[in-house]
Amino acid sequence: MGTAQPQMIYLKDYQAPEYLIDETHLTFELFEDHSLVHAQLVMRRNPARGAGLPPLVLDGQQLELLSVSLGDRELSAADYQLDDSHLTLQPTAQSFTVDTSVRIHPESNTALEGLYKSSGMFCTQCEAEGFRKITYYLDRPDVMSKFTTTVVAEQHRYPVLLSNGNPIASGPGEDGRHWATWEDPFMKPAYLFALVAGDLWCVEDSFTTMNQRDVALRIYVEPENIDKCQHAMNSLKKSMRWDEETYGREYDLDIFMIVAVNDFNMGAMENKGLNIFNSSAVLARAETATDAAHQRVEAIVAHEYFHNWSGNRVTCRDWFQLSLKEGFTVFRDAGFSSDMNSATVKRIQDVAYLRTHQFAEDAGPMAHAVRPESFIEISNFYTLTVYEKGSEVVGMIRTLVGAEGFRKGSDLYFERHDGQAVTCDDFVKAMEDANGVDLTQFKRWYSQAGTPRLAVSEAYDAAAKTYSLTFRQSCPDTPDKVEKRPFVIPVELGLLDSQGQGIALRLSGESAAQGTSRVISVTEAEQTFTFVDIAEQPLPSLLRGFSAPVKLSFPYNRDQLMFLMQHDSDGFNRWEAGQQLSVQVLQELIGQYQKGEALVMDARLVTALRSVLADDSLDQAMVAEMLSLPGEAYLTEISEVADVDAIHGAREFARRQLAEQLFEPLWARYQANREVSKVTAYVAESEHFARRALQNIALSYLMLSEQPAVLAATIEQFDSADNMTERLTALAVLVNSPFEAEKAQALAVFAENFKDNALVMDQWFSVQAGSGLPGALERVKALMQHPAFNLKNPNKVRALIGAFAGQNLINFHAADGSGYRFLADLVIQLNAFNPQIASRQLAPLTRWRKYDSARQALMKGELERIRASGELSSDVYEVVSKSLA
Ligand code: TRP
Ligand code: ZN
């Protein structure tokens with residue numbers, strides 16, 4: 001938190017660094033009340049910046065400078081300039097060394113950026129700009145250096161001393177201390193630096209690479225968690241093999257380490273050879289982690305591992321290029337998860353998430369392009385747009401050039417840029433060069449923010465046997481005021497005949513049909529495609545697999561959607577047809593609710609879901625997805641003005657209707673699956689995930705009936721399940737039920753059994769914070785006093801406050817503004833000690849434009865109160881000021 005007004009930084013101002021750092025030699029002396037960092041930087045003038053020796057401006061924040069030397073000469077205060085974020089020196093030769101010693105205070109670092117302590121261990125988080133809180137440095141990703149790191153600490157408290165690369169020496173020191181030296185042979189930017197010192201145990205394994213090199217694999221955790229590492233280890237080995245087979249990428253060091261820490265601002269970090277993970281992204285075993293948690297661990301382990309190539313070997317030139325590594329790596333981990341589990345279900349979940357959350361971001365005050373042009377605080381740009389939309393953009397390139405062409409492009413990218421810090425343009429250029437295509441217009445996806453709309457209309461000419469689809473694209477204004485030009489929108493589509501069969505697709509002018517599903521590129525504001533030889537009026541299946549991140553509209557009626565649900569050959573679009581049907585039905589109910597009419601639900605939704613439930617040939621995970629109604633957050637996103645009460649009331653009404661009318665088949669499927677679960681040992685594999693997913697969604701519907709048999713089944717599942725997936729669902733079902741005594745009993749038993757497991761207690765907090773029953777805010781406030789709660793721990797903040805403000809919309813948006821006031825108070829508190837977490841928790845308030853004028857005024861009032869609350873971090877300042885602009 002500086003005193004000056006935070007400054008905007010622009011991509012257009014990028015300049016290559018004046019100086020380079022060939023070698024970085026670090027020594028850390030770790031103590032309980034301070035730490036010392038000695039750095040020797042072997043530097044030279046950047047030849048690309050020409051002659052002359054401009055001042056050397058090193059980044060550094062919250063450092064106490066003890067000494068600085070240029071070459072052999074120790075400098076005195078008159079020889080350098082120091083302010084709260086820089087140390088400026090005057091070099092006198094092309095090549096030189098800089099030695100600094102600084103004192104820092106990891107023991108009181110609550111921002112969890114730089115060097116800090118978590119549960120008694122030292123650890124680091126340097127991305128994006130945390131290294132400058134460790135030592136004076138050129139803390140920018142285009143300055144790459146070879147690092148050698150020595151860690152010195154008390155042997156007894158910190159028996160394990162780790163850093164990047166390979167261990168090269170270690171030994172005892174004085175006063176019960178010891179030391180270890182690590183050397184990383186690969187050039188890397190400072191944001192990939194890591195250090196760990198603690199009392200840790202490790203699970204060890206090994207992996208033989210495609211070129212028969214042996215790699216030692218280690219997962220370090222606190223001793224009590226040693227039994228929760230096997231799933232992450234399996235995931236790591238699968239990731240390593242998959243990246244060899246799918247992208248030809250081999251691991252490059254002799255050792256790969258993961259360390260789990262309890263206090264972490266994000267999910268995990270890809271530091272070279274030494275990934276540091278939030279313990280929630282590593283630890284998983286049947287008794288304590290849900291299926292969703294197992295899948296999340298698998299995906300994050302893969303994501304961080306894949307960064308070794310997409311991020312580390314080839315890194316970003318500047319932080320505007322963040323999606324170069326994040327969008328691509330999310331795309332890679334999504335491909336991995338699809339191959340490990342059900343590809344269709346993975347796609348459904350990703351699209352539902354993107355449409356709910358990224359589309360909302362794109363429509364709000366923080367909207368930005370996949371490659372932003374400016375920012376105040378880069379930590380605010382680790383967003384759904386950079387990550388998830390960035391992944392969609394990479395996916396569209398793959399759709400356009402084909403799977404083989406994409407692999408050729410990625411091979412060229414990695415080969416051409418190995419060891420370099422590059423841009424999104426370089427990535428696209430490799431794809432163009434490998435495939436002989438021109439992606440100039442396509443690149444607008446990187447520079448234009450906002451979610452494009454794609455309105456489609458049809459015209460069938462029975463006499464000419466032609467069928468035309470007309471596409472009209474547009475993109476709403478965003479705060480950056482960039483003028484929107486047409487995107488390249490790949491639309492995968494098919495046409496169904498009246499029997500539900502795919503029709504051969506021949507476009508006018510083509511000599512032959514090209515299959516029954518194909519990709520067309522919409523490149524103009526308005527464009528018509530005419531198919532020939534179409535013998536009857538077809539029904540189009542559009543945007544199969546969600547081939548572009550757009551809002552597509554086509555005037556389907558409900559019978560047509562039911563037809564697509566049954567017959568579309570594209571599994572994703574079968575689900576999508578069901579979602580659109582549900583949206584239409586729910587919007588009708590919302591309208592009735594608003595007019596004060598009696599709610600009457602279209603019976604076709606029941607009919608459609610009844611046949612889904614009756615279809616034994618469907619993947620059970622698909623059945624579970626199809627039974628899930630669009631969430632309140634998604635219904636909010638697609639509303640012009642979101643009516644919180646009507647959305648909640650209509651959706652709850654629909655859930656009760658479905659529960660009532662589908663009671664028999666839901667109960668049958670619940671019981672069948674629960675019987676299998678009872679006699680099957682827990683396995684973290686997709687077929688088992690699928691069984692439990694259907695079992696659990698069925699149970700949550702069934703409980704709406706409040707029947708004694710269902711209550712008994714829920715309690716049976718809660719008491720005797722051998723895994724957290726079934727137990728937590730039973731708990732959530734009870735918490736959302738009117739059975740007060742059983743609810744209290746289950747909550748107490750659960751808390752007693754798991755009071756020593758922080759990650760399980762997070763689930764316990766979330767289930768209560770997310771309950772839409774009245775009185776949620778009071779419960780959340782009471783839970784903040786629970787001994788297991790801790791505002792300094794980001795997982796706890798997310799579990800309780802994040803779940804309340806992000807998932808409990810009916811209570812958070814209480815008409816009296818109490819939810820808003822509560823959140824603003826917390827953001828003000830968090831701002832003082834963890835700006836990144838404060839800024840992220842603020843997101844729900846930034847959506848104020850979506851609501852009625854009374855709520856708008858209340859939400860804005862809270863944003864203004866935060867703005868006036870005192871000294872704001874750059875993180876919170878940027879979000880608040882953009883939200884009020
Ligand atoms: N590079 C990390 C990832 O996506 C993101 C990350 C981890 C991060 N910790 C952070 C970003 C702290 C900002 C601040 O895999
Ligand atoms: Zn990442």
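Contact here means heavy atoms within 4.5 Å of each other. The exercises concern a predicted model, in which local features need pLDDT of at least 70, side-chain atom pairs count only at pLDDT 80 or more, and totals for chains, interfaces and linings use all residues. Residues are numbered from 1 along each chain as its sequence is written, chains are lettered from A and ligands numbered from 1 in the order in which they are written, and side-chain values use heavy atoms, with hydrogens and water left out.

**Exercise 1. State where Ala-360 sits and which residues it touches.**

Step 1: Ala-360 is found in helix 4 (residues 343-362), helices (H or I, at least four residues) and strands (E, at least two) being DSSP runs numbered from the N terminus.
Step 2: Ala-360 counts as buried because its relative accessibility is 15%, where buried means under 20% relative accessible area, exposed over 50% and partly exposed in between, with a 1.4 Å probe and protein chains only.
Step 3: Leaving aside residues up to four places away in sequence, Ala-360 touches Glu-637 and Arg-847.
Step 4: Arg-313 is 47 residues from Ala-360 along the chain, and their C-alpha atoms are separated by 33 Å.

**Exercise 2. Describe the protein donors of the zinc ion (ligand 2) and how they are spaced in sequence.**

Step 1: The spacing of the donor residues reads H-x3-H-x18-E.
Step 2: Because His-307 lies in the loop between helix 2 (291-306) and strand 22 (315-316), while Glu-326 belongs to helix 3 (residues 322-340), the pair ties together parts that are 19 residues apart in sequence.
Step 3: His-307 and Glu-326 are both buried.

**Exercise 3. Compare the span of helix 21 (residues 794-807) with that of a straight helix, and locate its bend.**

Step 1: A straight helix of 14 residues would span 20 Å at 1.5 Å a residue, the expected span being 1.5 Å times one less than the number of residues.
Step 2: Helix 21 spans only 17 Å between its end C-alpha atoms.
Step 3: A bend of about 35° occurs at Ile-801, taken as the angle between axes fitted to the seven residues ending there and the seven starting there.
Step 4: Helix 21 is mostly covered, with 11 of its 14 residues buried, among them Ile-801 and Gly-802.

Conventions: Donors are N, O and S atoms within 2.8 Å of the metal (3.2 Å for Na, K and Ca); water is not among the atoms, so sites may look incomplete.
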